[in-house]
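Dear colleague,

I am handing over the structure we spoke about, and my notes on it follow below. Please have the sequence and the model open while you read.

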Amino acid sequence: MKILHTADWHLGKHLEGASRLEEQESFLKDFVALAEQEQVDLVIIAGDVYDASNPPSKAESLFYDALKSLSKEGERMTLVISGNHDNPERLVAAGPLARDHGIVMVGTPKTIVETGAYGQCQVVASGEGYIEIEIRGERAVVLTVPYPSEKRLNEVLYKEGDDDEVRLESYTDRIHALFSQLEPHFRDDTVNLVVSHLFAMGSVEAGSERSIQLGGSYILDGRCFPEKAQYIALGHIHKPQVVPGTGGKARYSGSPLHYNKKEIGFEKQCLLVTVKAGEEAIVTSLPLPVYKPIEIWHCKGVEEAILKAAENSERSCWVYLEIETDQYIREDEIKQIRSLKKDVLEIMPRFTTREIDNAETDMDRFAEQPFDVHFKAFYEKERAVAPSEELVACLLSIMEVGEDQ
């Protein structure tokens, strides 16, 4: 069985307010092409399909179009679980329609997938937290654990009325208990897989993941995973990596795009897994291109920044611009830089020590002046005329009322 593992698409995500949908669309086209090129039987998307629980319609359209293309007229099965960014109910809402294309959607650890035909594939058995599938005569048992929040985890492990004494305190112990309950579904004659969206101990975060742990309570030990699993497909961490202590079986595919400037050193990928029942899985990294790189420019002065923006005006890249300067960057200079390079996300002055000292002196002077002086200066700068005395008096009276309340 050939499996393509991916996660953390974050469709609809922005970078400093700039849309990434164009890059995401390019990735999805390449991903579909990879699935076809490698003749994949099963695609696993391990959570965080969207960046928000209420994604934009364009993001949903991209997702559904990609699923339809992946399905190959229902010949290929796609398994999707929800992550901490996804709304489980919204994600699985299209499940009945997606079923004709071989698409299985799992919203929570308690979800029970309906058995029967999924395109040209089959779900032959299912229950809370697992499915048994058949693709072209080959069977696999997949333990499905979408983002397991405290509430969702307790709903699976405990029944109403259970004594507090039987409840496990540690999140790690509860995850281990869940996998221990599910592991007996594995068989010697099936390919045995796990798919989940969580944070395993020893994994290195990339900086753009939304935290799913509180005070470390959601971080679990790699030993929680079932020993009989041949491959464990994980989502949540954006840096591709193997989970320590799992013998290389548990892996994060990582996100397909650089979603933060802290990620720019990471090579992006998806993972091709070739596995037979009773045999060790063979895992191959399939590199992904950088569709629009994030760059940090360091310039010595505004003139150098303007020149660099002009020289790179036609290049496709996101830019964080740091300018070493001994004076404040004027508004007209900022406008000139942005007019030359439209994808400058942020312009950050890096002041010399002398300028910092001067700035502190200026702030002292600023604090000594009355508020109406600052307001008049601001108003005149913005509107090119001085404010009327009536307007100033009105503003001051409003402020006095606010202070009294």
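A salt bridge is taken here as a side-chain nitrogen of Lys or Arg lying within 4 Å of a carboxyl oxygen of Asp or Glu. Please bear in mind throughout that this is a predicted model.

**Salt bridges**

Counted by this rule, the model has 23 salt bridges. One of them pairs Lys 110 with Glu 128, and the closest N and O atoms of the two are 3.0 Å apart.

Is Arg 223 buried or exposed? With a relative accessible area of 64%, Arg 223 is exposed, since the cut-off for that class is over 50%.

**Helix packing**

Helix α1 (residues 21-37) packs against helix α2 (residues 57-71) at an angle of about 10°, and their axes are 10 Å apart. Angles under 35 degrees count as roughly parallel, and α1 and α2 are therefore roughly parallel to each other. On the α1 side the contact is made by Leu 21, Glu 25, Leu 28, Phe 31, Val 32 and Ala 35, and on the α2 side by Lys 58, Ala 59, Leu 62, Ala 66, Ser 69 and Leu 70. Sorted by class, the residues in the contact of α1 with α2 are nine nonpolar, one polar and two charged.

Helix α7 (residues 302-311) and helix α8 (residues 331-340) pack at an angle of about 20°, with 8 Å between their axes, and α7 and α8 are therefore also roughly parallel to each other. The crossing of α7 and α8 is left-handed. What α7 brings to the contact is Val 302, Ala 305, Ile 306, Ala 309 and Ala 310, and what α8 brings is Glu 333, Gln 336, Ile 337 and Leu 340. By class, the contact of α7 with α8 has seven nonpolar residues, one polar and one charged.

**Glu 150**

Glu 150 belongs to helix α5 (residues 150-157) and is partly exposed, with a relative accessible area of 26%. Which residues does Glu 150 contact, leaving aside its neighbours within four places in sequence? Glu 150 is in contact with Tyr 171, Arg 174 and Tyr 218. Tyr 171 is 21 residues away from Glu 150 along the chain, and the C-alpha atoms of the two are separated by 7.6 Å.

Notes. Residues numbered from 1 in each chain as written. Predicted model: local features only at pLDDT ≥ 70, side-chain atom pairs only at ≥ 80, totals over all residues. Heavy atoms only, no water. Buried < 20%, exposed > 50% of the residue type's maximum accessible area, 1.4 Å probe, protein only. Axes fitted to C-alpha atoms, helices over the stretch in contact; angles between N-to-C directions. Helix = DSSP H or I, 4+ residues; strand = E, 2+ residues; numbered from the N terminus. Parallel < 35°, antiparallel > 145°, perpendicular 65-115°, else oblique. Contact = heavy atoms within 4.5 Å. Nonpolar A, V, L, I, M, F, W, Y, C, P; charged D, E, K, R; others polar. Left-handed = near helix turned anticlockwise from the far one by under 90°.
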